Amino acid sequence: MIRPAPQPTAPAGRIIAIASGKGGVGKTWFAITLSQAIARQGLRVLLVDADLGLANVDVQLGFQPARDLSAVIAGISGVRDAAIAHPAGFDILAGRSGSGALAMLDAASLGAVLAMLPQAAAEWDRVVVDLGAGLEAPQRRIAAAADTLLVVATEEPTSLTDAYAVLKLHARDRPDGDARIVVNLASDAASGARTHAALARAAATFIKRNVKLAGVVRRDAKVRDAIRHQMPLLTRHPGCTAARDVEAVARDL
Ligand SMILES: Nc1ncnc2c1ncn2[C@@H]1O[C@H](COP(=O)(O)OP(=O)(O)O)[C@@H](O)[C@H]1O
Ligand SMILES: [Mg+2]
């Protein structure tokens, strides 16, 4: 087996996409909390909900967006006008709730989303994109357009195989790309590290890619409580286990 040489981690780029393959691994929650953590470092952050079929950023945060991505796709407004300021300190470009999945986007609409990303990256310090589950062609295109892809996985075998599939497609689309693993819902740090090691081993062997660990986020009952109250975690439970774990990911990016 060829063991990839350890590489120093270069800083993540401005556009950070969050993918997983499998649904329900905490992508949307993580994208929200990461955005809040980066904003607390003093950076300007735009969170883009590109999980168009479900558009759950607004649900998790309990607001009804007056404007959303559909206005950008339709060419009605630019990204700056379509974004909404959240009191937690970052901006949100909401998804189009109930109006069709990202996988169903026609070519022109996808083109509009892809054209919007560099405009957003020129206006905000970081653009965090929640891609939703799966990796159909439109999601692949957006993932490939991002500077850094964070693949969220859990310890479950189905999540691992799906995360590996995402890494494989991304390596095909962006042979030079920067993809990193976030292990969420980990029972502890060591078990999260083992999950990353298993994925990294498969990636090194079969796709000849050195896939770094962006961080381990432990399972924490405070996460569900914050979502139930439709509040961002770092506002409702600052300093809790999962909050500290996501803050560490934000620092290391
Ligand atoms: N670190 C965590 N600890 C505890 N529960 C979590 C954690 N991450 C996610 N969850 C739970 O998982 C559920 C699904 O999260 P969500 O962000 O909707 O996943 P996805 O976007 O991947 O479908 C959340 O409602 C939350 O209760
Ligand atoms: Mg989601």
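Two residues are in contact if their C-beta atoms, placed from the backbone, lie within 7 Å. The model is predicted, so local features need pLDDT of at least 70 and side-chain atom pairs pLDDT 80 or more, while totals for chains, interfaces and linings use all residues. Residues are numbered from 1 along each chain as its sequence is written, and chains are lettered from A and ligands numbered from 1 in the order in which they are written.

Me: Which residues of α11 does α1 meet?

Reply: Helices (H or I, at least four residues) and strands (E, at least two) are DSSP runs, numbered from the N terminus. From α1, the contact takes in F30, T33, L34, A37 and I38. Their partners in α11 are V246, E247, V249 and A250.

Me: At what angle do the axes of α1 and α11 cross?

Reply: Two packed helices are described by the angle between their axes and the distance between the axes. Axes are lines fitted to C-alpha atoms, for helices over the stretch in contact, with angles from 0 to 180 degrees between N-to-C directions. The axes of α1 and α11 (residues 241-252) come within 9 Å, and the crossing angle is roughly 65 degrees.

Me: Why is α1 described as largely enclosed by the rest of the structure?

Reply: A residue is buried if 20 or more other C-beta atoms lie within 10 Å of its own, exposed if 12 or fewer, and partly exposed in between, with C-beta atoms placed from the backbone. α1 has 14 residues. The helix is largely enclosed because the number of its residues that are buried is 13 of the 14.

Me: Which elements give two or more residues to the shell around ligand 1?

Reply: A residue is near a molecule if its C-beta atom, placed from the backbone, lies within 6 Å of it. Of the 18 residues around ligand 1, G26, K27, T28, W29 and V223 come nearest. The elements that give two or more are α1 (27-40), β7 (178-186) and α9 (221-228).

Me: Is K208, which has a positive phi, buried or exposed?

Reply: K208 is not a glycine, yet its phi is positive, about 50 degrees. This residue sits in the loop between α8 (189-206) and β8 (212-218). With 11 C-beta neighbours inside 10 Å, K208 counts as exposed.

Me: Where is Q230 placed?

Reply: Q230 also has a positive phi of about 50 degrees although it is not a glycine. There are 13 other C-beta atoms within 10 Å, so Q230 is partly exposed. Its place is the loop between α9 and α10 (233-236).

Definitions and conventions. The expected span of a helix is 1.5 Å times one less than its number of residues.
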